[in-house]
Amino acid sequence: MIAHAPARHAAPRSADLSSRDFMRLIEAFGLTGAWRWDFVSGQQVWSSGLYRLAGLPEGEPASYERLLGLVHPADRDVLEDAAQIVQAGILGSHTVRLIRPDGTSRTVVSRGEVFFSPEGRALAATGVLLDVTDRERLADLHRLEQQRRSSLAQQAQVFIHTEPTLPPTEYGPDFLTLVGLRRDEVRADWLGPIVREERPRWRDELPRLAATLRPFSITPTLRLADGGTAPFRMTMVPLRDGSLRGGASREAPSDPVCWTIVVTPLETEADVVPERQRPRAEPSIEGCHLRAARGLLDWTLNDLARESGVSLSTVRRLEEESEGASSRSRPHVLAALRKAGIVFTVVEGGTVAVARAEGVTPPGTRSG
């Protein structure tokens, strides 16, 4: 039996990649750049990736001072200056913004190291910049979203969160504060936030509605941390990956990846505050509130004039606030709007809130 040596093919280049090769591969993504400063010779070198990251032509002389000049003025104080690097050997890690010559901004993480002689004298420094602009933008968006949700919860008792499955148990901290329950208590019994007498109903109803794999709402009465109760609407919307199960039609939706839950008060302040305790809204109602109310009803000026029994020109003057708050026609216009389901409420700070009550069908129809 004759053994044949494996055929050899001439390699166009060595299989051993140098550090320069690795740097070129990494910088090809356009997210990194490196620099080196030799304190003995004074030579400073930037990689091609750093020139691209800084938005500068490669022919421009490299210097640490030039790099500092590209940093946003508000961020420069966190970086070491040249004297700190050369004399004290200090070079830390920082996140700063670079302002390119074309005016665009990039957020970068800067990390560096100083090299010393055996006697402890700083000989050279090298640094790497990593573009984290997209990461920082996502973090900013996440912070803004958290602030928005917290503001909705604290000022309007509107709670938004995501559940991997139903029934819901992963409420946010603001909702848990509202109902006075700990997270482990809700996980152990998802009906815990609901008043005891309604639990049998929703124990059966929610799974049935969830099984349709379509958006739905329930209206449970919740136990509040202060000992009271209040009705809320819980709207649950399935989120899918965009695919349909088994090539089924849209009448057979795919299983949701998760559910978005929106919890809102079921009643407006006008419904739950006794009339004798409620600030009168009439003196504060302005033309902009009339226009907003008409928009909620999808009414034209003609519709409002017809339903209130006043002239079109009078309605127009009221909305333009040229008729005056003492107009004898104003009560008729307000009465027509309220009859159609509009609720004017004075909220904190004396602001007038305009809302449309549920279940009320406006008597007027759009006249075009």
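A residue is called buried when its relative accessible area is under 20%. In this predicted model, threonine 260 has a relative accessibility of 19% and therefore counts as buried. Threonine 260 belongs to strand β10, which covers residues 258–265. Beyond its neighbours within four places in sequence, threonine 260 is in contact with Ile160, His161, Thr162, Thr235, Met236, Val237 and Leu239.

Attention may now turn to a sheet. Five strands form an open sheet in the order β2-β1-β5-β4-β3, and their pairing is antiparallel. Strands β2 (44–46) and β3 (94–99) stand at the edges; each has a single partner strand, so one side of each lacks a neighbour in the sheet. From one strand to the next, the twist averages 25°. Within this arrangement, β1 (residues 32–38) pairs with β5 (residues 122–131) through seven bridges. Tryptophan 37 has alanine 125 in β5 as its bridge partner. Helix α5, residues 133–156, packs on the sheet and touches β4 (105–116) and β5. The direction of α5 makes about 125° with that of β4.

The distance of the centres and the angle of the planes describe a pair of aromatic rings. The structure holds seven aromatic pairs. In one of them, tryptophan 46 and tyrosine 51 are tilted, with 5.2 Å from centre to centre and 55° between the planes; both residues are buried. Phenylalanine 159 and phenylalanine 175 form an edge-to-face pair, because their planes lie at 85°, and an angle over 60 degrees counts as edge-to-face. Their ring centres are 5.5 Å apart. This pair links strand β6, which holds phenylalanine 159, to helix α6, which holds phenylalanine 175. Finally, ring pairs join Trp35, Trp37, Phe39 and Tyr64 into a cluster.

Definitions and conventions: Residues are numbered from 1 along each chain as its sequence is written. This is a predicted model: local features need pLDDT of at least 70, side-chain atom pairs count only at pLDDT 80 or more; totals for chains, interfaces and linings use all residues. Side-chain values use heavy atoms; hydrogens and water are left out. Helices (H or I, at least four residues) and strands (E, at least two) are DSSP runs, numbered from the N terminus. Buried means under 20% relative accessible area, exposed over 50%, partly exposed in between (1.4 Å probe, protein chains only). Contact means heavy atoms within 4.5 Å. Two strands pair if DSSP finds at least two bridges between them. Axes are lines fitted to C-alpha atoms, for helices over the stretch in contact, and angles run from 0 to 180 degrees between N-to-C directions. Rings of Phe, Tyr and Trp (its six-membered ring) pair if their centres lie within 6.5 Å; planes under 30 degrees apart count as stacked, over 60 as edge-to-face and the rest as tilted.
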